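Here are my notes on the model you passed along. Have it open while you read, and go through the points in order.

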Amino acid sequence: MEFSYLDNNAGTGLADGVLDAMLPYLQQQQGNPSSSHRFGRFALTALDQARQQVAELVKVHPSQVIFTSGGTEANNQVLASVSQLYSGGDVIISPIEHPSILEPAARLTEYGFDVTHLAVDKSGRVNEDALSAVLTNKTRLVSVMWANNETGLIQDIKSLSRITRKKQIPFHCDAVQAAGKLEINFNAVGVQSMSLSAHKFGGPKGIGALIVSHDFDCPAFIVGGGQENGLRSGTENVPAIVGFGAAAQSAVQNLERYQRHCRRLRDLLEVRLQSLPEVTIFAKEANRLANTVFFSVQGFDAETLLMTLDRQGIAVSSGSACGTGQQTPSHVLTAMGIDDVTALGAIRVSVSQYNTLEQIEQLVVILTKEVDRFKHLMNR
Ligand code: PLP
């Protein structure tokens, strides 16, 4: 059986060259970057190089890169910093954030903070006036993601952060789904912190970064040996960080080609989907990631469809990976005003540079067969 992995927003394989870059640090180079001997110095040099590569991905100075265990930890660090710095106030987030923002924000309410969810339109976009309307002189943080993991919707972060900057309110941006897929210029976009994760664009799992502006006070979430300039303790995962750096470099070099390739696949899928009856493509008219299509076929249950596709070698998602298995509608679709029945049929296809047009055609053949079979059953 031919396998098609079409779930790249959940996690990608390693991009070309990444494993080769990592191997020496898994095999011969056992040094701890905090050690002063030659093995330690060698590991530290590798760390510095990877930091430079990740910095180039988002156009910052390497000193602004704090390596973490992934996007979840980076998001948690920023949200937790609010309760370390203040004894009360409010935090504003979008309702379509990843659980790694939603859950730590919910935890802040236990410490007496008010958490406001911004209104979004039917494509999930946060409106600038809606943001202006909820800011108060007690707003401690605003957090809005760059690109949504389910729909691929891209927010206008620059316009949103312009509003908070005028009031000197810190803006955090979860850019986990944007990094490596879109051009990112941290300083130009005007936020104070940003989360990245390597495994969304060809790096290994379990490594990410928090990018911070020099004027942003974000105390450590994990304390101990004082690594990462005191902002994230724990021995650095050198092989993973080296892989992160190599993936970042590859993403910078291949960005245009990646976008062009993914867009061809996405457009083909969307054209084909339109020939099926009663398909809804979510946020279709909005600015979206080139690699993501989130859609629902009327009458189908996403989990059943997902397992049918899985039996035929095709991997897709029924929403965010972390939500898989939960039979509750996607919170993203609910916030966009999509009814529960349509939302429970939602399937996400997310491609990478390694997918092919043939894999998309194969997916459509199976989907079409399933729809025909369903119609036949309904007409009996
Ligand atoms: N933020 C977004 C938008 C994501 O899609 C994910 C992962 O799916 C995360 C954060 C969490 O990143 P990590 O898997 O590195 O913890």
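Predicted model: local features only at pLDDT ≥ 70, side-chain atom pairs only at ≥ 80, totals over all residues.

1. Val293 sits opposite Val349 in S12. Numbering starts from 1 along each chain as its sequence is written, and side-chain values use heavy atoms, with hydrogens and water left out.

2. How many bridges pair strand S10 with S12? There are 5, and S10 (residues 292-297) pairs with S12 in the antiparallel sense. Strands and helices are DSSP runs numbered from the N terminus (E, at least two residues, for strands; H or I, at least four, for helices). Two strands count as paired if DSSP finds at least two bridges between them.

3. The sheet in question is open, with 3 antiparallel strands in the order S9-S10-S12. Strand S9 (279-281) and strand S12 (346-350) are at the edges with a single partner strand each, so one side of each has no neighbour in the sheet. From one strand to the next, the twist averages 25°. Helix H8 (residues 238-274) packs on this sheet and touches S9, S10 and S12, its direction making about 15° with that of S10. Contact here means heavy atoms within 4.5 Å; axes are lines fitted to C-alpha atoms, for helices over the stretch in contact, and angles run from 0 to 180 degrees between N-to-C directions.

4. Now the other sheet: 7 strands, open, mixed pairing, in the order S2-S8-S7-S6-S5-S3-S4. Its edge strands, S2 (65-68) and S4 (114-117), each pair on one side only. Neighbouring strands are turned by 20° against each other on average, ignoring direction.

5. Within that sheet, S5 (residues 139-143) and S6 (residues 171-174) run parallel and are joined by 2 bridges. Ser143 stands opposite His172 in S6. Helix H6 (residues 157-166) packs on the sheet, touching S5 and S6, and its direction makes about 160° with that of S6.

6. Which residues are closest to the ligand? Of the 14 around it, these are Gly71, Thr72, Asp174, Ser197 and Lys200; a residue is near if one of its heavy atoms lies within 4 Å. The shell divides into 2 nonpolar, 10 polar and 2 charged residues. Helix H3 (residues 71-85) gives the most to that shell, with 3 residues.

7. A polar side-chain atom of Thr72 is 2.6 Å from a ligand oxygen atom. In the side chain of Asp174, an N or O atom lies 2.6 Å from a nitrogen atom of the ligand.

Methods. Polar contact = N/O pair within 3.5 Å; in protein donor to acceptor, adjacent residues only side chain to side chain. Nonpolar A, V, L, I, M, F, W, Y, C, P; charged D, E, K, R; others polar.
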